[in-house]
Amino acid sequence: MFSKVEKYPALTLALIAVSFLIFGYSTSLPKITDFIIFCIFVIGFDLLYGHMGQLSFGHMLYLGAGAYGCGMFAYHVYPDPFLSLLVGVLVGAGLAAILGLVVVKTSHAAFALLNLALNEVGAYLVLSPLHTWTGGEDGLSLFFKSYGFINFSDRTFRFYFCLAALLLVVLLVVRLVRSPYGILLKSIKENETRVKFLGYNTYMYKYVTFIISGAIVGFSGALTSLNLAYCNTSLMAPSRNVEVIFAALMGGAGSVLGAVVGGTAFMTISNYLASYIVRWEMFLGVALLAFAFWFRKGIWGYARKL
Amino acid sequence: MINFIQSILYGLTIGGILYIISIGLSLTFGAMGIVNFAHGLIYAVGAYALYSVATLLGANFLVGALAAVAVSIPLAYLIERFIIRRLYGQSIDYAIIATYAVLLIGADALKWFFGASPLPISDPVGELWYFGGLQMPAFRVIIIALSVLVFLGLSLFFKKTLVGKIVVAGLQDREAVRSLGIKVERYFAIVFVIGSALAALGGVLYAPLSTLDPYMGFEIIILCFAVVIVGGMGNLRGTAIAAFTLGMVHSLTAAYLVSSAADAMVYVVMAVVLIFRPIDAPA
């Protein structure tokens with residue numbers, strides 16, 4: 001039954017929209033807004049991990065880049081929310097374009113570790129040498145201009161805006177994954193050497209995907225800044241990389257709906273169950289082991305077969 | 001000039017500790033193609049074992065060091081048996097995720113038993129040695145000497161003993177060794193335990209220079225991965241050279257640029273090395 005949902009993008013979008021509306025109005029809108037933004041992050045991460053087959057252990061760097069790009073533009077230049085969002089996306093994509101030149105040349109272990117190392121460098125730069133602009137440890141408190149009903153201090157507006165953003169990202173990524181480009185990406189994941197034999201420049205495809213992923217993750221970072229009205233170093237903390245990896249694994253890597261399911265499931269656990277789970281990291285570790293050893297398809301991988 | 005020599009000597013201490021910890025990581029990487037984050041846990045457990053025995057029970061530092069190594073061996077065996085062995089021949093991403101999970105579980109367990117606040121361990125020698133205008137804690141000299149001893153010992157081990165020779169051959173061509181009827185994985189497991197014991201020793205040596213905290217494994221493991229990547233995975237001499245070079249980078253950055261930039265500088269060097277010498281993990 002669920003596998004049919006994936007066949008029709010309109011159905012996918014409707015399912016996501018309706019579930020989040022029900023979820024949002026039955027619990028609390030600000031909380032579900034966080035969920036939605038995290039789902040965008042997972043989709044951007046999974047484009048590399050699930051669809052291209054490269055695990056990045058440092059994608060918090062691009063989340064932070066987007067968040068600080070948006071936040072610093074609003075704080076130092078001009079507090080227009082849309083311009084700030086655009087700057088956030090551009091910073092995420094631009095950073096991916098620069099670092100991707102090196103990062104994409106590596107694969108697997110070196111890819112994961114290089115991303116982690118660059119994340120550490122980024123977190124250090126934001127915390128210490130750039131603290132006059134980034135606010136250092138305290139971060140920046142942000143204010144955004146409002147135009148009539150476009151008012152980012154209004155919770156309901158933020159919820160609908162982020163939901164629309166998620167639907168847009170889902171639509172884009174579903175389109176991308178089903179295009180000839182996406183099929184080639186999948187082939188690179190399966191066997192890169194053979195794709196090279198066919199005459200494709202696999203480096204170029206991987207590089208472009210890396211930039212797209214950086215842009216999507218940067219977008220979710222910028223939305224985070226916009227939603228919280230502040231940005232600080234926790235948005236770039238290397239230790240938080242495990243969250244998005246866990247979410248992607250739990251939902252089921254390599255599927256856009258899986259990323260949304262995983263993002264929602266992770267946020268539900270960390271928001272509603274964390275107060276009952278005394279040893280949070282231990283729980284996270286055991287659950288990660290379970291998904292890495294026994295449930296590699298993730299929740300959506302099993303659910304779609306129902 | 002004195003300052004410069006001092007920083008070089010401090011760099012040698014950091015390099016020595018990095019070498020002692022990285023060697024196990026490099027072997028696991030080269031031999032089994034597994035990125036082993038759990039190595040950082042064994043390092044942390046080593047330091048905490050030292051703390052429990054030497055500070056809490058009040059025993060001698062040497063007894064504490066022995067206890068650390070003794071604790072690390074069964075722990076390493078358990079990790080090898082139940083985590084690493086399941087990951088042979090699997091996608092490396094699952095190895096990264098599973099061993100990171102072990103590190104998370106272990107760090108949380110340490111936090112559970114010992115609390116989250118940093119714990120100090122005093123310098124066990126507590127003596128300063130003077131060479132001309134130069135002053136150097138004796139403990140740091142011991143660290144440098146120990147790391148050289150470990151290097152010589154491992155060189156002998158891999159050249160002269162049967163186990164060592166099999167492992168070196170296995171690093172070159174695992175299938176060929178297996179076709180001789182040798183169970184390579186069993187020998188890799190022995191080396192895994194030796195590497196882990198060395199990681200615990202690294203924790204013991206580093207603890208008096210810094211403080212203990214449950215997340216200390218996370219910090220060191222990324223530095224060690226940088227060493228392994230710069231030195232070449234499974235390359236024993238390369239690991240030693242990379243460890244001392246990066247130790248030098250670390251200490252000179254701290255002395256002449258900004259002390260908080262030291263870690264970041266090591267990662268920058270690693271990135272630069274990867275530009276000129278792209279590498280892939282063994283399949």
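1. The expected span of a helix is 1.5 Å times one less than its number of residues. Helices (H or I, at least four residues) and strands (E, at least two) are DSSP runs, numbered from the N terminus. Helix 4 of chain A, residues 60-77, has 18 residues. From first C-alpha to last, helix 4 of chain A reaches 24 Å, close to the 26 Å expected at 1.5 Å a residue. Of its 18 residues, 16 are buried, so helix 4 of chain A is largely enclosed by the rest of the structure. A residue is buried if 20 or more other C-beta atoms lie within 10 Å of its own, exposed if 12 or fewer, and partly exposed in between, with C-beta atoms placed from the backbone.

2. A word on the model. This is a predicted model: local features need pLDDT of at least 70, side-chain atom pairs count only at pLDDT 80 or more, and totals for chains, interfaces and linings use all residues. Residues are numbered from 1 along each chain as its sequence is written, while chains are lettered from A and ligands numbered from 1 in the order in which they are written.

3. Helix 3 of chain A has 23 residues. The helix reaches 31 Å from its first C-alpha to its last, close to the 33 Å expected at 1.5 Å a residue. Helix 3 of chain A bends by about 40 degrees at Phe45(A) (the angle between axes fitted to the seven residues ending there and the seven starting there). In helix 3 of chain A, 19 of the 23 residues are buried, so it is largely enclosed by the rest of the structure. Just after this helix, Gly53(A) takes a positive phi of about 80 degrees.

4. How does helix 3 of chain A pack with helix 12 of chain A, and at what angle? The angle is about 75 degrees, and the axes are 10 Å apart. That makes the two helices roughly perpendicular (65 to 115 degrees; under 35 is roughly parallel, over 145 roughly antiparallel, the rest oblique). Axes are lines fitted to C-alpha atoms, for helices over the stretch in contact, and angles run from 0 to 180 degrees between N-to-C directions.

5. Phe45(A) is also part of this packing: the residues of helix 3 of chain A that meet helix 12 of chain A include Phe41(A), Phe45(A) and Tyr49(A). On the helix 12 side of chain A are Val244(A), Ala247(A) and Ala248(A). Two residues are in contact if their C-beta atoms, placed from the backbone, lie within 7 Å. The contact divides into seven nonpolar residues, one polar and one charged. Here Ala, Val, Leu, Ile, Met, Phe, Trp, Tyr, Cys and Pro count as nonpolar, Asp, Glu, Lys and Arg as charged, and the others, Gly among them, as polar.

6. Now the interface. In chain A, 33 residues are in contact with 36 residues of chain B. Helix 6 (108-127), helix 12 (241-251) and helix 14 (280-293) of chain A each supply at least two residues of that side. The largest share, twelve residues, comes from helix 6 of chain A. The chain A side divides into 23 nonpolar, six polar and four charged residues.

7. His108(A) has a positive phi of about 50 degrees although it is not a glycine. His108(A) is in helix 6 of chain A and, with 21 C-beta neighbours inside 10 Å, counts as buried. Ala229(A), not a glycine either, has a positive phi of about 60 degrees. Ala229(A) lies in the loop between helix 11 (202-228) and strand 2 (230-231) of chain A.
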